[in-house]
There are 2 protein chains.
Amino acid sequence: MRAWEKNIRKVVPYVPGEQPKVTDVIKLNTNENPYPPAPGVEEALKGMDADRLRLYPDPTAEALVEAIAKNYGLDKEQVFVGVGSDDVLAMAFLTFFNSDKPILFPDITYSFYDVWADLFQIPYERIELDDNFCIRVRDYDKENGGVVLANPNAPTGEAVNLAFIEDLLQHNQDVIVIVDEAYVDFGTKSALSLIDKYENLLVVQTFSKSRSMAGIRIGYAMGHRDLIKAINDVKYSFNSYTMNMPSIVLGVKAVEDKEYFEKTTAKIIATRERAKEEFRKLGFQFGDSKSNFIFVTHPKYSANEIFEYLKTKKIYVRHFSAARINNYLRVTVGTDEQMEAVFAALREYMKQE
Amino acid sequence: MRAWEKNIRKVVPYVPGEQPKVTDVIKLNTNENPYPPAPGVEEALKGMDADRLRLYPDPTAEALVEAIAKNYGLDKEQVFVGVGSDDVLAMAFLTFFNSDKPILFPDITYSFYDVWADLFQIPYERIELDDNFCIRVRDYDKENGGVVLANPNAPTGEAVNLAFIEDLLQHNQDVIVIVDEAYVDFGTKSALSLIDKYENLLVVQTFSKSRSMAGIRIGYAMGHRDLIKAINDVKYSFNSYTMNMPSIVLGVKAVEDKEYFEKTTAKIIATRERAKEEFRKLGFQFGDSKSNFIFVTHPKYSANEIFEYLKTKKIYVRHFSAARINNYLRVTVGTDEQMEAVFAALREYMKQE
């Protein structure tokens, strides 16, 4: 070992879903939106002044913050923006989880939470979901350094209601509670309505799913202005200029078009419900997903084998190797046509076996 | 104090230079390039497919990494990219500075170094520059947890030669040495030629200055593949998808156009040398800047008063309030016309006083 190696932070990094280089695939592995961004985004892209790129962007990303605040009826002091919700969550962990007590999150949830905790050396405890992959709120009544909950949860897709969140908050008033709502627009009530009542609640959302903007990297947090000030202070101590000019300009356009947003999310929800029917007919089992993916398992077939088979058909879905979920597949809800291709391939696979 | 506040990380954030909202100003306060990005950037912007924004970008930003690697004759395993060099440096501090011994950097240097150290609770020691704001290499011969050096230094603009850097490396082989070369293209020899010989050397550069791309947020680090792997592991533990699609596409175009890059940097260097003449004629004192700014002081006039006066003329320069440098102004080198406006204003000011 070279002497300088001893000062290097050792981590086991998060492994993102595969981003295939080939383009003629049906890509249902990273929960992207099958529909293009709002039409105003393309227009703004075409009208963008390349010369402006020589200047630093607004470090406060004010135009984007204001557009988000306006969309939710908030003040701009209640909104924080970052480079995707991963950046927002990383900053939130760094800002809010500085206790000797463990932070709490489910054993089956977004697999980045323990990665951030390891990175920042935050103690944590994974609380087991029940056998139906549901969260038991009373499990979170213990002393802790903070709570993180994905709602809907990933990769299960299952959601809890507002009463559940409020119960959780009432029993955890001395720590920051983060509700990660990456998939909330596909049919769950946001905890946003609780931020005035609970100053310790941070709600995190993203443009990557319901806004069709995974490629532009915008996430945001909403909460009490003291929380937003604290996370902004940390952000300014990390990188003052996180949001580049295109992300600010195009992000504004994406959030302004409510009609397009509602139309495309409704389409995805409708396709999801049809897809549930089809999965059921084929004998798959799954919870009641409220997200833009369905987390399925089959009593007779191996998830990994289906995963590999679909790949040969140029259909990419997600398979996790973690305990308890290694016989599940997470299938993003695409267009009706894409889902039909999935079911055709599954029928073919089952016929062969 | 509310109970949850005790877990919040307390920081004193970096204050970026003012980004005036009005557009008809001469903006020489944040070291931006007065010339637009390479013509290929605008072309790529116009040809960009908005639909691709619905997909995640390549988490490895391979196209951009390869373009940078090719430009410097490196392998792609020797290049790391981030959201501006601030992001790269923040990740580097987090990755490489995990010792109980203090990291070392000059007392007068990029004012973000101590902010990152505070943020990540890294012990540090600021080593005084000499009275001419020059670095004494022997001051860095003491036990430490790492060294950071800006070359050219900011905000002084002064550079050290390769023999100096190699001397520093020879005496600091057990820790990571970061050379921050944000301004290197304006007339300093890069330490890049030393990365094969010194595995503990990380060279950091940016697209914000010489590549006219401050608005797109691209910085990069070059070094031994083991260093690059370590910082990539930390990056993947923080945010897998840092570089958005436009930054990858436009960054490639910016780095590919060597001819434009050489032409515009040569113009800035020529303007800088002319500007030094003018400053000298007006009685200003300054070191031999090798960057795209000049750090000036005047024996008879208050820097702060000049700063305020120039602002009334819609000319923005940078004034720092820190000890030892509070009677200095950092003036970005703009176009010849912009510099003439600065000197006209200065002459007027001096006549009035």
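A crossing of two helices is called left-handed if the near helix is turned anticlockwise from the far one by less than a right angle, and right-handed if clockwise. What I am showing is a predicted model, in which local features need pLDDT of at least 70, side-chain atom pairs count only at pLDDT 80 or more, and totals for chains, interfaces and linings use all residues. Residues are numbered from 1 along each chain as its sequence is written, while chains are lettered from A and ligands numbered from 1 in the order in which they are written.

Let me start with the symmetry. Chain B can be laid on chain A by a turn of 180° and a shift of 0.0 Å along the axis, with an RMSD of 0.0 Å (a least-squares superposition on the C-alpha atoms of residues with pLDDT of at least 70 in both copies), and that is the relation of a two-fold axis. The residue of chain B that comes closest to this rotation axis is B:K46, at 2.8 Å for its C-alpha.

Turning to the interface, 72 residues of chain B are in contact with 72 residues of chain A, contact meaning that C-beta atoms, placed from the backbone, lie within 7 Å. On the side of chain B that touches chain A, the largest share, 7 residues, comes from α3(B).

Finally, within chain B, the axes of helix α1 (residues 39-46) and helix α7 (residues 245-256) come within 8 Å and cross at roughly 155°; the two are therefore roughly antiparallel, a word kept for angles over 145 degrees. Their crossing is right-handed, and the contact is made by residues including B:V41 and B:L45 of α1(B) and B:L250 and B:K253 of α7(B).

Technical notes:
Axes fitted to C-alpha atoms, helices over the stretch in contact; angles between N-to-C directions. Helix = DSSP H or I, 4+ residues; strand = E, 2+ residues; numbered from the N terminus. Parallel < 35°, antiparallel > 145°, perpendicular 65-115°, else oblique. Contact = placed C-beta atoms within 7 Å.
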